[in-house]
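Subject: Structure handover

Hello,

Here is the structure you are taking over. Please open it first, then read the notes below.

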Amino acid sequence: MEVPVNIIFKVTKNNPEQREVHIRMCRQNLHKPIDEVAALVVPYDRLDFSSVDNLEESLRTIVSYKVLSDLQNESIIPENESNSEIESLDLDDLVGEVISIPFGFDNELQKIDL
């Protein structure tokens with residue numbers, strides 16, 4: 001399952017003498033402007049200049065890993081902290097609780113005999 005999140009990037013500086021490029025990157029739905037995101041210095045040897053498609057793919061790989069890392073390291077605001085688990089089939093037990101469950105759509109349900 002693919003997560004439909006666009007990744008955007010902005011080249012802020014190209015330095016051919018040092019053979020590196022400075023890139024800002026983030027999720028398109030990040031709630032701050034791309035210019036407020038720290039730039040990453042990418043050496044030319046991590047980019048594939050053999051074709052436009054290959055350059056795009058090498059940039060995609062770099063920015064995807066960086067954006068995923070940033071997403072995993074985002075802090076959780078206190079209101080969204082969760083120490084609760086689903087321990088009952090009674091939905092009244094869940095009222096007012098912040099419950100954390102792993103992301104996913106393809107989780108298998110347990111089979112039960114009737």
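In what sense do β1 and β2 pair, and over how many bridges? They pair in the antiparallel sense, over eight bridges. Pairing here requires that DSSP finds at least two bridges between two strands. Strands (E, at least two residues) and helices (H or I, at least four) are DSSP runs, numbered from the N terminus.

Some ground rules. This is a predicted model, so local features need pLDDT of at least 70 and side-chain atom pairs count only at pLDDT 80 or more, while totals for chains, interfaces and linings use all residues. Residues are numbered from 1 along each chain as its sequence is written, and side-chain values use heavy atoms, with hydrogens and water left out.

The sheet

The sheet is open and has three strands, in the order β1-β2-β3, with antiparallel pairing. Its edge strands, β1 and β3, each pair on one side only. From one strand to the next, the twist averages 35 degrees. Val21 in β2 is the bridge partner of Asn14.

Helix α1 lies across β1, β2 and β3. It runs at about 50 degrees to β2. Contact means heavy atoms within 4.5 Å. Axes are lines fitted to C-alpha atoms, for helices over the stretch in contact, and angles run from 0 to 180 degrees between N-to-C directions.

The salt bridges

The count is five salt bridges. The rule is a side-chain nitrogen of Lys or Arg within 4 Å of a carboxyl oxygen of Asp or Glu. For burial, buried means under 20% relative accessible area, exposed over 50%, and partly exposed in between (1.4 Å probe, protein chains only).

- Asp35 and Lys10 form a salt bridge, with the closest N and O atoms 2.8 Å apart. Asp35 sits in the loop between β2 (20-27) and β3 (40-43), and Lys10 in strand β1 (residues 7-15), 25 residues apart. Asp35 is partly exposed at 45%, and Lys10 is partly exposed at 35%.
- Arg27 and Glu74 meet at 2.8 Å, N to O. Arg27 lies in β2 and Glu74 in the segment after α1 (52-73), so the pair ties together parts 47 residues apart in sequence. Arg27 is buried at 15%, whereas Glu74 is partly exposed at 38%.
- Asp70 and Lys66 have their closest N and O atoms 2.7 Å apart. Being four residues apart in helix α1, they are separated by about one helical turn.
- Glu56, Glu57 and Arg60 are linked in a network of salt bridges.

Best wishes
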